[in-house]
Amino acid sequence: MIDNCLDVLRKKAPLIHNITNYVTVNDVANIILACGASPIMSDEPQDVAEITSICGGLNINIGTLNQRSIEAMFIAGHKAEELSHQLLLDPVGAGASSLRTDTALKLMKELHFNVIRGNVSEIKTLAKGSGTTKGVDADAADAVTDKNLEQMIAFTKNFAAETGSIIAITGAIDLVADQEHCYVIRNGRPEMGKITGTGCQLSGMMTAFLAANPENQLEAAAAAVCTMGLAGEIGMQHMQAGEGNATYRNRIIDAVYNMDSTILKQGAKYELR
Amino acid sequence: MIDNCLDVLRKKAPLIHNITNYVTVNDVANIILACGASPIMSDEPQDVAEITSICGGLNINIGTLNQRSIEAMFIAGHKAEELSHQLLLDPVGAGASSLRTDTALKLMKELHFNVIRGNVSEIKTLAKGSGTTKGVDADAADAVTDKNLEQMIAFTKNFAAETGSIIAITGAIDLVADQEHCYVIRNGRPEMGKITGTGCQLSGMMTAFLAANPENQLEAAAAAVCTMGLAGEIGMQHMQAGEGNATYRNRIIDAVYNMDSTILKQGAKYELR
Amino acid sequence: MIDNCLDVLRKKAPLIHNITNYVTVNDVANIILACGASPIMSDEPQDVAEITSICGGLNINIGTLNQRSIEAMFIAGHKAEELSHQLLLDPVGAGASSLRTDTALKLMKELHFNVIRGNVSEIKTLAKGSGTTKGVDADAADAVTDKNLEQMIAFTKNFAAETGSIIAITGAIDLVADQEHCYVIRNGRPEMGKITGTGCQLSGMMTAFLAANPENQLEAAAAAVCTMGLAGEIGMQHMQAGEGNATYRNRIIDAVYNMDSTILKQGAKYELR
């Protein structure tokens, strides 16, 4: 099922509207192209309704948010919802400032997101309504581990039930859940945390998976997580002497570019709980 | 003639002002450096007149435009025109939203551009005054092909005559024309379409070619197109196992960095019609 | 001493707030990760005070400044000062426009920077209160050379005394001085000037070195300069046939990622004057 989502994505090649931070935007665009979709970026309130109208999905990422881009997020979000487009929220830095936390919560109140994807500290912040994220990285104390896995699966399903959204928590162990089912995914490499924007990239690519597979949203979201993690593993295999995080960033996007359903099927490490 | 433009560019090393989108801006800066010029970016209305004054060319790219940057485009554009600098318009996404289409048309009305460079759907949008671009990519139905080549050459020359600008339409076959002559260029690789911003990069580099070769603008614009396409071919030759679009992006800029007039002369594939 | 600063940085892993230009921001984030710290970017006036509060250092870079980001620089700067965080100014393009020069001077008047780091033309502009920087690059006539070294060391110490800041002038020969001591550093490669943002990257990384080593600020600033220059040398050794400035950019960040105190100690080329 999961591997099929990639084939469908490459065949449908949806156009994805991204309102996203300027730190990692280029990598988001290139990974969306790598997985077979097309990116477009626009964050001007006068521009976003029309731009999102020609797309199949909207990826809202609140990193480097500002008053203009926040206004654009709501305008684009309402238009995307009106058109039944796939809508994803990446609450970058929720918990690190009240503007970020409040904007994420307000977006969730006014809009229905198909998926909310973040690190565990960001998602816990949204679930509690406040939090203390360490910048844009998860707090180590929050991490999903084998010890707290049962509890975290329950938390994720509960928050999915509460919001009506698929919840994707990514980290060493990834959880992707609706209110009934939870994919527990163990792809990826710890070195991915030393690259800026692997989370942002995943959110952009996941929106593409969703836009191409709207009838299988949970599988699509899980497929995107497996693809990213597996690309991290494959990219690491190609690393050469002297290479570090800057080159690794490219090798991961390259691995997505070269990924097919056979590679994904063989490499995806997940269980459904 | 075309290969000489690169030598002159490397000797003169002009400073190029770019008002450009935040998606591909880093690659634009690096390719401008790669071809021997220097980039500077500024999009604050209070800053742009002075910045453009110390430059030799102004590259206006309307991707991720906003109210502030639009105001800056007009201020900088008028100053650049007053100083007889080379002025290039890249109408990213014209046809995808009315703000983009209208901004491009208004810029063309108020300013004289030495070159307007876009994909075929964007240029058709500007010629007709409206259009339906598929996001920031050309609509496949619009493509320049061997079948419609005569007709597209005539269209390009006509639009050049109408605007008084050199028109550069890039795609599988590139057309660079003034009202009398049209370069038909067949360099490049289809995989370049899987990298975000190869068009933006070309526009930045083309502005550098123009600023260094103001007395040979048509040749300079064509030389930039040949350089970009040839760099795409050379970059592809250096691709190794496991590499994809992210690394290819770097290999193309690297190929521009290593390009000289001998390589350009041998590799440029064009005819003058 | 200098090599020890890197060990401390990797152990403390400070969070660094960057208000920086959108041209080179991704590379700044990745080099901050490469040296062992964590980056966060925010330039919205409503967001920056809280964001800077959770960090250990603030890097203010005025490239692509705008009215919003200028306001954010002052708000964040005052908060960082209030909290005794390390505060660095990178006056990108001071001398190229009055908005840039005036903003840098006003920031220096209202805030106390631990370090001001720029190219020689930018620093001379700040010392004189006006100047003529060639875009974002230093004017060749301003360069620090063996001929004017005595005079430039005196200038740097004097400006450090006047401002109470450590002054870091980077170029072929780097000078890092407080009012009494000056590190003269000879690491680096001329090809680094063909990559956009090596200066911006250094400023981000230097803020991380300072935040981790607040009791040894001069050494920390010098250590960052040595690390960057040495990474440029190591990165160049890894360059392969056909590679140019785009790949070199990654290889430098990769070399920082793989740098340890032994490599730094063996490779750093400096004298204290």
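In this predicted model, the axes of helix 1 (residues 2-12) of chain C and helix 9 (residues 217-237) of chain C come within 8 Å of each other and cross at roughly 90°. Helix 1 of chain C is therefore roughly perpendicular to helix 9 of chain C. On the side of helix 1 of chain C, the residues that meet the partner helix are C:Ile2, C:Cys5 and C:Leu6. Helix 9 of chain C contributes C:Glu219, C:Ala220, C:Ala222, C:Ala223, C:Cys226 and C:Thr227 to this meeting. By class, seven nonpolar residues, one polar residue and one charged residue make up the contact of helix 1 of chain C with helix 9 of chain C.

The next topic is the relation between chains.

The contact between chain B and chain A takes 29 residues from chain B and 28 residues from chain A. On the side of chain B that touches chain A, two or more residues come from each of helix 5 (98-110) and helix 10 (245-257) of chain B. Helix 10 of chain B gives the most to that side, with five residues. The classes on this side of chain B are as follows.

| Class, side of chain B that touches chain A | Number |
|---|---|
| Nonpolar | eight residues |
| Polar | 15 residues |

Key:
Residues numbered from 1 in each chain as written. Chains lettered and ligands numbered in written order. Predicted model: local features only at pLDDT ≥ 70, side-chain atom pairs only at ≥ 80, totals over all residues. Axes fitted to C-alpha atoms, helices over the stretch in contact; angles between N-to-C directions. Helix = DSSP H or I, 4+ residues; strand = E, 2+ residues; numbered from the N terminus. Parallel < 35°, antiparallel > 145°, perpendicular 65-115°, else oblique. Contact = placed C-beta atoms within 7 Å. Nonpolar A, V, L, I, M, F, W, Y, C, P; charged D, E, K, R; others polar.
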